[in-house]
Amino acid sequence: MVQILYQDLSNSDSNYYYIGIPKDWSGASDNEVTVIVDDVCVIVPQTIAGATGELIVLRLLEAMMAGEIIDAGDIQKAIEHIL
């Protein structure tokens, strides 16, 4: 399930921004996640954190394509640069 949420970052304290995650998100049942913050923020539920990296990458790319952030051509170009 891909859900696109648009939020402002007004919910914050002096150190962090707080973003909403839908309660029906399948990863929420873990009650524990890994949050990776760089140019993008990735939230990984513990149930797949130990999986091979391929699963995480494929789910991330699928969500980014569904959110119209990237398209298949962007992915192909990125892979060509890596290889």
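User: How many salt bridges does the count come to?

Analyst: Side chains of opposite charge can pair when their charged atoms come close. The rule used here asks for a side-chain nitrogen of Lys or Arg within 4 Å of a carboxyl oxygen of Asp or Glu. By this rule the count comes to one salt bridge. This is a predicted model, in which local features need pLDDT of at least 70 and side-chain atom pairs count only at pLDDT 80 or more, while totals for chains, interfaces and linings use all residues. Residues are numbered from 1 along each chain as its sequence is written, and side-chain values use heavy atoms, with hydrogens and water left out.

User: Which side chains meet in the salt bridge?

Analyst: Those of Lys77 and Asp74 do, at 3.8 Å from N to O. An α-helix has 3.6 residues a turn, so residues three or four places apart point the same way. Here Lys77 and Asp74 are three residues apart in helix H3 (residues 72–82), and are therefore separated by about one helical turn. Helices (H or I, at least four residues) and strands (E, at least two) are DSSP runs, numbered from the N terminus.

User: Is Lys77 buried, exposed or in between?

Analyst: Buried means under 20% relative accessible area, exposed over 50%, and partly exposed in between, with a 1.4 Å probe and protein chains only. Lys77 is partly exposed at 48%, and Asp74 is partly exposed at 33%.

User: What span should helix H2 have?

Analyst: The expected span of a helix is 1.5 Å times one less than its number of residues. For the 14 residues of H2 (residues 53–66) this gives 20 Å, and the end C-alpha atoms are 20 Å apart, which agrees.

User: What is found just after H2?

Analyst: Glu68 takes a positive phi of about 60° there, although Glu68 is not a glycine. Glu68 belongs to the loop between H2 and H3 and is exposed, with a relative accessible area of 73%. Asn31 also has a positive phi, near 60°. Asn31 is in the segment before E1 and is exposed at 74%.

User: In which sense do E1 and E2 pair?

Analyst: Two strands pair if DSSP finds at least two bridges between them. E1 and E2 (residues 41–45) pair in the antiparallel sense over five bridges. The two strands form a hairpin with three residues between them, and Val35 stands opposite Ile43 in E2.
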